[in-house]
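User: Hi! I'm new to reading structures and would like to go through one step by step. Could you help me?

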Amino acid sequence: MKRNNWLELGVGMFMLAGILGLVFLGLRVSGLGVGVPNDTFTLTANFANIGGLRPQAKVTMSGVRIGKVTDIELDPKWFDAKVTMQLDSAYDGKLSNDSTAAILTAGLLGEQYIGLTVGGAPDMLHDGDVIHDTQQALVLEELIQQFVSNMAK
Amino acid sequence: MMRHIATLGRATLDIVSSIGRAGLFLFQSIFCLPSREGFHLWIRQMHFVGVMSGAIVLVSGLFIGMVLALQGFTILVSFGADEALGQMVALSLVRELAPVVAALLFAGRAGSALTAEIGLMKATEQLTSMEMIGVDPLRRIVAPRLWAGFVSLPILTVMFGVVGIWGGYLVGVDWLGVYQGSYWSNMQDSVDFVGDVLNGMIKSLVFGLVVTWIAVFQGYDLIPTSEGISRATTRTVVYASLAVLGLDFVLTALMFGDLG
């Protein structure tokens with residue numbers, strides 16, 4: 001009977017290790033947040049072209065990560081991409097409403113992300129506001145096309 | 001000439017009927033309702049099949065993660081993209097290597113043992129005597145082993161993945177000097193819990209069922225001689241490995257095929 005208890009303890013620890021591992025994979029590896037919902041605020045921005053931007057991409061300011069992209073959809077009114085992002089609530093009401101958002105690339109082949117730059121206007125961005133001044137992703141084919149057509153002139 | 005054709009036909013019939021037997025066997029044994037007694041049998045098998053396979057899975061996971069980081073670093077650094085190391089290690093482990101390698105190790109470590117154990121029970125006519133005294137061997141012997149394999153392989157896969165990512169961290173960050181923050185944050189940006197982690201889990205559930213099924217069936221269906229046991233053990237490892245690799249391609253095509 002004694003031996004059986006040890007057996008059950010071993011199996012229990014084994015299954016517990018599996019569950020803990022899955023939690024680790026969820027939180028640490030895939031970055032699932034379990035944060036309180038109101039420690040972020042939401043901004044949207046419309047881009048003419050998002051290139052390879054994907055949900056979960058980071059949003060940075062001066063290179064520091066301050067949030068992530070949560071949703072990308074096509075705006076049926078203007079036929080451009082509407083990007084929804086969640087930023088740390090520490091910056092709620094701190095960014096001026098003429099801030100600009102640009103889609104940047106980490107390194108030559110890296111992941112695309114959004115870089116925010118603050119403007120100088122006295123009014124601030126709050127939850128649900130829209131960033132109007134945006135800069136679309138650099139698409140290599142378009143650059144080459146421009147270059148070639150300029151050469152031809 | 002006629003004899004050759006007849007042999008071919010017999011071989012085909014044998015294969016088809018053994019597939020049929022395997023299907024019936026799975027169907028009969030997997031629906032044995034758990035009783036208190038069955039639970040204890042299952043625990044004992046979990047210990048043998050799962051816990052005892054832990055060591056080999058952990059050690060292999062650690063080394064595979066370390067090798068992956070080392071190889072990945074030397075390639076990525078020539079593109080100046082060594083910061084994507086965490087992403088590469090985590091994605092390849094979670095999507096492919098953890099389910100597949102854990103299943104292969106599991107087939108070698110636990111599957112062959114299951115086949116040999118049940119095979120010896122059959123050779124020494126323990127299974128027949130169980131039937132004689134009114135105990136269903138499918139319920140008493142096969143079902144706990146089948147369920148233990150089905151439950152423990154996903155757990156082993158998770159452990160493999162976690163240890164592998166840690167091994168990649170050891171080599172990539174502590175030894176080769178990739179910045180720790182970008183190791184984790186690139187990983188978190190690119191790994192999707194549902195798309196990557198849960199799909200890997202689905203894979204390992206399928207592999208767990210298939211590997212244990214093959215192992216237990218080979219043991220139950222073998223010719224009860226010492227040569228039959230050795231053949232069946234070999235067949236278990238060969239069939240299970242082939243099934244895992246083939247199914248992995250099919251599952252990958254279904255899960256990730258449309259990502260381009």
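This is a predicted model: local features need pLDDT of at least 70, side-chain atom pairs count only at pLDDT 80 or more; totals for chains, interfaces and linings use all residues.

User: How many helices and how many strands are in chain B?

Analyst: Start at the N terminus and read along: the elements of chain B run α-α-α-α-α-α-α-α-α. The C-alpha trace that holds them spans about 65 × 55 × 30 Å along its principal axes. The count for chain B is nine helices and zero strands.

User: How far apart are the C-alpha centres of domain 1 and domain 2 of chain B?

Analyst: Domain 1 of chain B takes in residues 1–31, and domain 2 takes in 38–259. They do touch, with eight residues from domain 1 of chain B and eight residues from domain 2 of chain B in the contact. On the domain 1 side, those residues divide into four nonpolar, three polar and one charged. The distance between the C-alpha centres of the two domains is 28 Å.

User: Which element gives the largest share of the side of chain B that touches chain A?

Analyst: In this contact, 29 residues of chain B meet 27 residues of chain A. By class, the chain B side has 18 nonpolar, seven polar and four charged residues. The largest share, six residues, comes from α6(B).

User: How far apart are the end C-alpha atoms over residues 146–169 of chain B?

Analyst: An unreviewed UniProt entry places the feature "transmembrane region" at several stretches of chain B, among them 146–169 and 197–216. Residues 197–216 of chain B are 100% helix, with end C-alpha atoms 28 Å apart. Residues 146–169 of chain B are also 100% helix and 0% strand, and there the end C-alpha atoms are separated by 35 Å.

User: Among contacts in chain B between residues at least 6 apart in sequence, what percentage join residues at least 24 apart?

Analyst: Two residues are in contact when their C-beta atoms lie within 7 Å. Taking the chain B contacts between residues at least 6 apart in sequence, the share that joins residues at least 24 apart is 87%.

Note on methods
Residues are numbered from 1 along each chain as its sequence is written. Chains are lettered from A and ligands numbered from 1 in the order in which they are written. Helices (H or I, at least four residues) and strands (E, at least two) are DSSP runs, numbered from the N terminus. Ala, Val, Leu, Ile, Met, Phe, Trp, Tyr, Cys and Pro count as nonpolar, Asp, Glu, Lys and Arg as charged, and the others, Gly among them, as polar. Domain bounds come from an automatic or database domain assignment. UniProt positions are given in the numbering used here, feature names are shortened, and annotations may be inferred rather than shown by experiment.
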